[in-house]
Amino acid sequence: MANDQQISAPLLEDSPPISHLPDRDEDFVRRVWIESKKLWHIVAPAILSRVSTHSVMVTSQAFAGHLGDLDLAAISIALNVIIGFDLGLMAIGLGEELADLAGVLARWLIPMHFSFAFYFPLQRFLQSQVKAKAIMWVAMVGLAVHVVASWVFVGLLKMGVVGIAVACDISWWVLPIGLMAYSAGGGCPNTWTGFSLEALSGLWDFVKLSAASGVMLCLENWYYKILIVMTGNMKNAKIEVDALSICMSINGLEFMIPLAFFAGTGVRVANELGAGNGKRAKFAAIVSSATSLIIGLVFCCLIVIFHNKFGLVFSSSNIVVQEVNKLSILLAFTILFNSVQPILSGVAVGSGWQSYVAYINLGCYYFIGLPLGILTLWFTNLGVKGIWMGMIFGGTGIQTLILLVITIRCDWEGEAKKASLRMQKWTDQKFLPKE
């Protein structure tokens, strides 16, 4: 009788079903929510700060575009190519009129280059302490200064495109001055104690790590600058450069979102690995990648919907707007690829794989993507679309696939042990008694 009761009891209609799936689903949703809050605490201010700083470039091109097609092409070359290459490869093979004006702007933009040397180290210094809000507010002030300065120099003083360059110089120097004032003025009481020679300790290890990271970012950044240089050698280069630079500006502005996730992912992965939590580091990478991909898909849809409209923001020329419309589909694919690739690079940075990613970037971009783009240009009549197709599908696409495979096959627990050992080593060195 007892056995009968035991067998029939689970079959009673008022007995609750035995299942653990709701609990597991609820736990998963809770974990995603907790990780998302940690991630967005870093990413949200980073997005606003990066969008604000990049908007200095975008608003400059918008001002120039309504001055004329030549002005837009020249400021695009000066900001995208010259700033990107830091005065290397100046404007190779371009038309004489366009190259002359770009060269004039390059000289006016020299002060802007020096601001980078101060701004980016200060940005990283505050970012490592999760003081992203300070970076955000300073960047927004810089953007406001740029808009006002552009209006004064272009609208009131009638300095034309040179006035835009002067406004860029002023607004970019607002950024390091503002961050330095915050850091030294009490914003970092636990980490800023004044200038000291102790800052040079462990400098060689830092240089090696930074050099690998710098090469990785430069190879990626220069890749699309080469696309603009190649376009400048085509027939009707002025219109082609205008259209491509507009697309690159839109792509660059949206790219600030994945770049913010790149920074946030690097911080989250590094923190979890440093704490010895391999599984949490993996989960942080998954949440970040999925979130950035969803945002990228939204922007892809917006580009497709407004494919014949967004060019009007940058130019009043119907010819330029039509050329932008022809490139809109490639822009959508570029945004899609770029919504994932920086996050995977952020995983690499957080895991200390910078040197490996630098080699991957070099191979994919310069030994696959760039040659494929050149061959497409030579053997098809697609023009700038052919170059871009070869570079985006051959370079960025393959790079994203390789990074994805590496990330999936990563031994997260092993990486956590390595990170813990490095942290212990640095801690022991820091607290060794001085002789």
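Contact here means heavy atoms within 4.5 Å. With that in hand: among contacts in this chain between residues at least 6 apart in sequence, 83% join residues at least 24 apart. What you're looking at is a predicted model, so local features need pLDDT of at least 70 and side-chain atom pairs count only at pLDDT 80 or more, while totals for chains, interfaces and linings use all residues. Residues are numbered from 1 along each chain as its sequence is written, and side-chain values use heavy atoms, with hydrogens and water left out.

**Overall make-up**

- The chain has 15 helices and 0 strands; both are DSSP runs numbered from the N terminus, with helices being H or I of at least four residues and strands being E of at least two.
- Of its 435 residues, 49% count as buried, where buried is under 20% relative accessible area, exposed is over 50% and partly exposed is in between (1.4 Å probe, protein chains only).
- Areas come from the Shrake-Rupley method with a 1.4 Å probe, and for residues only the protein chains shown count as cover.

**Nonpolar cores**

- A nonpolar core is a set of buried Ala, Val, Leu, Ile, Met, Phe, Trp, Tyr and Cys residues joined through side-chain atoms within 4.5 Å.
- The largest one has 73 residues, and Ile75, Leu105, Trp172, Leu331 and Trp388 have the most contacts inside it. Helix H7 gives the most to this core, with 10 residues.
- Zoom in on Trp172: leaving aside neighbours within four places in sequence, its contacts include Thr53, Val56, Met57, Met112 and Phe116.
- There's also a second, separate core of 17 residues, with Leu273, Ala285, Val357 and Leu403 among them.

**Salt bridges**

- The count comes to 4 salt bridges, each being a side-chain nitrogen of Lys or Arg within 4 Å of a carboxyl oxygen of Asp or Glu.
- Glu35 and Arg268 pair up at 2.9 Å, N to O. This one links distant parts of the chain, with Glu35 in helix H2 (residues 21-65) and Arg268 in helix H9 (residues 237-274), 233 residues apart.
- Arg268 also bridges to Glu272, at 2.7 Å, N to O. Those two both sit in H9, 4 residues apart, about one turn of the helix.
- Put together, Glu35, Arg268 and Glu272 are linked in a network of salt bridges. Glu35 is buried, Arg268 is buried with a relative accessible area of 7%, and Glu272 is buried at 6%.
- Over in helix H11 (residues 318-338), Glu323 and Lys326 are 3 residues apart, about one helical turn. Their closest N and O atoms are 3.3 Å apart in a salt bridge, and Glu323 counts as buried at 18% relative accessibility.

**Cysteines**

- You'll find 0 disulfides, a disulfide being a pair of cysteine sulfur atoms within 2.5 Å.
- For Cys301, the closest cysteine sulfur is in Cys300 at 6.8 Å, so the two are too far apart for a bond.
- Cys301 is partly exposed, with a relative accessible area of 45%, whereas Cys410 is buried at 13%.

**Surface patch**

- Leu197, Leu200, Leu203, Trp204, Phe206 and Val207 make up a nonpolar surface patch, with about 680 Å² of accessible area together. Patches are made of residues with over 30% relative accessible area and no salt bridge, with like charges joined within 9 Å and nonpolar side chains (Val, Leu, Ile, Met, Phe, Trp, Tyr) within 5 Å.
- Leu200 is in the loop between helix H7 (161-187) and helix H8 (203-231).
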